[in-house]
Amino acid sequence: MTGTNEIKELMFQYTEYLIRLAYYYVKDLQAAEDIVQEVFIKFYNSQHNYEERGEVKAFLTKMTINKSKDYLKSWTYRKVKLQNKLFLSKTTMNPDELVRKDEETLIGEAILQLPIKQREVLIYFYFHEMTIVAIASLLSIPENTVKTRLRRGRELLRNQLIGIEWEVLLNG
């Protein structure tokens with residue numbers, strides 16, 4: 001189907017998008033980069049399995065989602081998470097630093113704290129501007145499930161962001 005030049009073009013076109021997508025799941029940039037690398041290797045080695053019925057982007061997206069979910073279930077992920085809890089010292093954040101943080105960063109961090117089911121639909125809906133129908137199709141779940149996860153995700157996000165004094169409102 002595709003040769004080396006076509007694979008390079010696909011990598012150039014979709015790598016950043018796929019890394020961002022994987023990062024939304026695994027919350028670790030290095031792991032996200034590794035996942036995307038594995039996705040492209042797997043795609044290259046098993047191109048014959050790809051049926052040209054849809055977009056390559058959708059196919060790569062689905063592969064990245066599956067690899068990310070596999071990573072979250074893996075022993076490696078649990079071991080790294082445990083090591084981070086045991087060995088990293090807690091850093092305290094200066095209130096001035098917190099005030100200077102960009103609102104978008106705060107929201108992004110709050111989204112990353114949400115459970116995976118709510119996080120993924122919020123990211124697709126707001127950051128990738130996908131419709132509920134498209135999200136349902138991508139995740140292979142009913143549309144009503146997407147709506148429920150969106151609603152619950154918004155509620156959880158609202159609760160996480162309650163105590164934050166927004167810089168824009170304070171100085172506006």
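Modeller: Helices (H or I, at least four residues) and strands (E, at least two) are DSSP runs, numbered from the N terminus. This is a predicted model, in which local features need pLDDT of at least 70 and side-chain atom pairs count only at pLDDT 80 or more, while totals for chains, interfaces and linings use all residues. Residues are numbered from 1 along each chain as its sequence is written, and side-chain values use heavy atoms, with hydrogens and water left out.

Biologist: In which loop is S140 found?

Modeller: S140 has a positive phi, near 60°, and is a residue other than glycine. Most residues other than glycine have a negative phi. S140 counts as exposed at 59% relative accessibility, where exposed means over 50% relative accessible area, buried under 20% and partly exposed in between (1.4 Å probe, protein chains only). Its place is the loop between α8 (132-139) and α9 (143-160).

Biologist: What is the phi of K27, which is not a glycine?

Modeller: K27 lies in the loop between α1 and α2 (29-45). K27 counts as partly exposed because its relative accessibility is 35%. Its phi is positive, at about 60°.

Biologist: At what angle do helix α1 and helix α3 pack?

Modeller: Two packed helices are described by the angle between their axes and the distance between the axes. Axes are lines fitted to C-alpha atoms, for helices over the stretch in contact, and angles run from 0 to 180 degrees between N-to-C directions. For α1 (residues 4-26) and α3 (residues 56-73), the axes are 9 Å apart and the angle is about 35°.

Biologist: How many residues of the contact of α1 with α3 are nonpolar?

Modeller: Contact means heavy atoms within 4.5 Å. The residues that make it include L10, Y14 and L18 of α1 and L60, T64 and I65 of α3. Ala, Val, Leu, Ile, Met, Phe, Trp, Tyr, Cys and Pro count as nonpolar, Asp, Glu, Lys and Arg as charged, and the others, Gly among them, as polar. Three residues of this contact are polar, two are charged, and the nonpolar ones number 13.

Biologist: Is T64 buried or exposed?

Modeller: T64 is found in helix α3. Not counting residues up to four places away in sequence, T64 touches L18, L21, A22, I35 and V39. Because its relative accessibility is 0%, T64 counts as buried.

Biologist: Over the face of which residue does K57 lie?

Modeller: A charge sits over a ring if NZ of Lys or CZ of Arg is within 6 Å of the ring centre and within 35 degrees of the ring normal. K57 is at 4.5 Å from the ring centre of Y17.

Biologist: Why is the pair of F125 and Y126 edge-to-face?

Modeller: A search of the whole structure finds two aromatic pairs. The rings of F125 and Y126 have their centres 4.9 Å apart. Rings of Phe, Tyr and Trp (its six-membered ring) pair if their centres lie within 6.5 Å; planes under 30 degrees apart count as stacked, over 60 as edge-to-face and the rest as tilted. The pair is edge-to-face because its planes are at 85°.

Biologist: Which residues does Q113 touch, not counting residues up to four places away in sequence?

Modeller: Q113 is in helix α6 (residues 103-113) and is exposed, with a relative accessible area of 53%. The C-alpha atoms of Q113 and Q160 are separated by 9.0 Å, although these residues are 47 apart along the chain. Q113 touches K27 and Q160.
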